Amino acid sequence: MLRKTRFKKAPSQKGYLSLKVIIFSLFLIIMTVIALIMPLRPTKSNIEKRTLAKFPKVSFQTLVNGKYFSDVTTWYADTFPMRESLMSDNAKFKEAYGIQTTQMIGQVSPQTKEKNKAATPKTTLTKKTNKADKIKNVDEKLDNVFISGNRAYSVYGFNQTAVDKYTDTINRFVDKVPNSKVYDIVVPTSSGIYLSDKTTKELGGSNQKKAINYIYKHLNKKVNKVDAFSEIDNHSKEYLYFRTDHHWTAKGAYYAYGQYMKKAGKTPSKLSDYKHRAFKGFLGTSYAYSNQASALGDTPDTVHTYQPQGTNTIKYTDRLNQPNQTGKIIADASKYDEASKYMAFIAGDEPYEEIHNPKIKDGSSVVVIKESFGNAFVPFLVNNYENVYVVDYRYYDDQLAKLVNEKHIQDVIFLNNISAASTDTLIDNIARITEN
Amino acid sequence: MVFSSLIFIFFFFTITMGIYWITPSLKGKNIVLLIASLIFYAWGGPTYLILLLLMSAISWIGSLRVEALENKPRRRMLVLWITTLIQLGLLGYFKYAGLFTATLKHFIGWPQHVLEVALPIGISFYTFQLITYTVDVYRNEAKAQRSYWMVLLYAALYFQCIAGPIVRYQDVADEITGRKVKLEEVGRGISRFSVGLFKKAVLANSCAKIADQLCPMDISVLQHQSAAAIWLGLLMYMLQIYLDFSAYSDMAIGMGWMVGFHFKENFNYPYISQSITEFWRRWHISLSTFFRDYVYIPLGGNRKGAFRQIINMFVVWAATGFWHGANWNYLLWGLYFFVFLVLEKWVIKGLLAKTPRVFKHIYLLVIIYFGWLLFRYTNFNTLMVAFKGMFAMNHNQWLDMSTKMIFLNNIYFIIFAIIACLPIASMAYRWLKVEMRRRFVSRVAFYIVDIVAPVALVLISTMTLVGNSYNPFLYFQF
């Protein structure tokens, strides 16, 4: 009886309201306290591959113009405790936004149609010295990721000005190394192999085969062109590209190596001649770029490596310009974090590297001028050359011709993925080390 | 500092509110609020704090003079005009000097150098607030405030200083010096604050991301966008701008309730309107009432014949548009509404009355939708490219795969965002509140929702704000 009347009256809300206010206040206070515990704050992000914002230093100027405060705000958010797990929770949350079986993140960069090339190409690098500093250290950048099923692609857009600059740069270089043979390998990316022409077109992309043909057509006769596309395309059923990363696998690189050896009139080593090791759990650049799409995250890649005979040691100059560092041609990537397993190959992107195979004593030598696609390619050459030199043109400071002539390098290989060979800023870097 | 930043929520707001609550007297509480507000303001650039202090001082002195000259109507009016013109002059200089000199240079080649004046944060809002103060005193609708610090608190209060609502002095005059906090209102304030944060951090920001992708500002990218992309992008922009702006007002009103201030509602579900006239009664209410009470009516309003009324409306809508930003497209945007308001008043009034609701609603949405196109693109060339693009007149496709994909990838979100612009959630909340008096189960359900929801909303917002460190409110530029 008592109970009934109690509930029929307009209920007093005081108790529950106090509870509401207390719970909300406690929540804010606890979060604030957690946020102020400095050791909980992360300092770097593995998934984004960057160092997080640091607490700014005070100066009169930054205090007055407000930069100090905006930097504090950035630091506070950028190093918020539990950042990575909150970010991946957020990624999961966003998957509820819609039907995400296929996704496009970013946009294919505007492309130029193939036109008749001007008769006399005059694309030279202007103001060499000043520009050199600015254009150095340009990393490859994904501008789009298309996800279909559990595979990510980066759609390629043809850029004629850039591609013409690429061929001109290499054509000019050939004459500077008259005693060497120059090879050019333009590698397709996974979208060129796996996406149909129709899909590529609908996504605003260009045909990679045509783009590579265009490049090879405009390269000097003295440049030996290696047809990696057909060989990779013929084996497209195999695991030649990562699904969660923009790189090719070592096996993809192996087919390009085979084609190169054929072109050079040599016998390629069999894949079984290399020591195989696999590193599971690789979630690469596309996964990070897609903000951790679970379509990719649920099925990580495996990095297969093939270690050459004779040696596994590599000597290199690092990006801080310190020479004579030692590393491994194939490193044990099982301890690397999930985003960095491609670093297993030749110690990652170092400006300059040397490998000497003690098993070969014929004085043979080769230099590979590459971006990161070259990393998976280089180890295969070690079975066939006494000296393998590697130049990452994005970070290398010296002149390539000087290196080739001083070391009497016989074979010079330019290796680029099609996207790099069409990226203006990267080609400026090739020009920087070849045009003095 | 913006409301949708982690440092605001989990540092500034929590700490200043904590100190506020443990401070015993109202005088002490006001000091806490004032200091907090000045820090909040200085965070975005300490130099502009001087301007805020100066403009508040002008209003403070002006209003005291106006009150003292009670029996000298002509001098009284003169003081009012001087005070107001100084404020408008400062607003004009800091906001429009760049645009005016650039335009002059474009047409007559003079002056040689375009003035580059950075826009002080919130100046459009607090200038108007300070103007209402002096005018309210002049009209004897409020008493002049003796204390400079209280005038400053009124202008600088961080709840509304930088993005509104524009609070009229007479509405809060009494609450500055004597206000009561009710537990029930604190509870409501918490809910309102959390909903606002969620609307901004989760909904508006996601809408913005889609809109920016589909309707880019860069003309070279824009001209290749498919027609469908621009249509969908503009829809997302339409949702974004409401969710973003009303979120800010929600948070301001919520924080006001937490300490005993009652700000008037600034948005009342504008997209459910049936006419442009109604839309402007529901959209940014504090701005349109400002222009009504401090410009339109003093100009004579509708009391001096139809011709004068049209002139008055023209002035008000040109000003309303231009207030939104220092670019000519905003002026056009205001006049665009002027045209429809005139039409609705004198030409299609009878027609509208006979039209079924659904068609009136479609009419309203179409006009508003294209209005946002005018609002988005400050550059006329870009605007034309976007408009032509909507009808595939840039040699662009009608529909492309990316747009289809973006639409499907976000389809549930888009539906949710549309619902968030309608009064459905608040109707459900009110229904639950009534229902709970009848049954025990629904009461428990209501209590749980009401206690858990704010925490959950702030948590989700936190999640989306993490890693998104730069994230300003859209209405900052005003």
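The model is predicted: local features need pLDDT of at least 70, side-chain atom pairs count only at pLDDT 80 or more, and totals for chains, interfaces and linings use all residues. Residues are numbered from 1 along each chain as its sequence is written, while chains are lettered from A and ligands numbered from 1 in the order in which they are written.

**Chain A overall**

Chain A holds 17 helices and 15 strands. These are DSSP runs numbered from the N terminus: helices are H or I with at least four residues, strands are E with at least two. Of the 436 residues in chain A, 43% are buried. Buried means 20 or more other C-beta atoms within 10 Å of the residue's own, with C-beta atoms placed from the backbone. The chain is divided into two domains, with bounds from an automatic or database domain assignment. Their C-alpha centres lie 40 Å apart.

| Domain of chain A | Residues |
|---|---|
| Domain 1 | 16–86 |
| Domain 2 | 104–434 |

**The sheet**

Eight strands of chain A form an open sheet with mixed pairing, in the order S7-S6-S15-S13-S14-S12-S10-S11. Two strands pair if DSSP finds at least two bridges between them. Strands S7 (223–226) and S11 (325–328) of chain A each have a single partner strand, so one side of each is left without a neighbour in the sheet. On average, neighbouring strands of this sheet are turned by 25° against each other, direction ignored. Axes here are lines fitted to C-alpha atoms, for helices over the stretch in contact; angles run from 0 to 180 degrees between N-to-C directions.

Strand S10 (residues 313–317) of chain A runs antiparallel to S11(A), and four bridges join them. A:Lys315 stands opposite A:Thr326 in S11(A). Helix H15 (residues 373–381) of chain A lies across S6, S13, S14 and S15 of chain A, at about 170° to S13(A).

**Contact with chain B**

Residues are in contact if their C-beta atoms, placed from the backbone, lie within 7 Å. The contact takes 48 residues from chain A and 47 residues from chain B. H21(B) gives the largest share of chain B's side, 10 residues.

**The core**

The largest nonpolar core has 243 residues. Such a core is a set of buried Ala, Val, Leu, Ile, Met, Phe, Trp, Tyr and Cys residues joined through C-beta atoms within 7 Å. A:Ile185, A:Ala256 and A:Phe377 touch the most other members. Helix H10 (residues 227–259) of chain B gives the most to this core, with 23 residues.

Technical notes: Two residues are in contact if their C-beta atoms, placed from the backbone, lie within 7 Å. A residue is buried if 20 or more other C-beta atoms lie within 10 Å of its own, exposed if 12 or fewer, and partly exposed in between; C-beta atoms are placed from the backbone.
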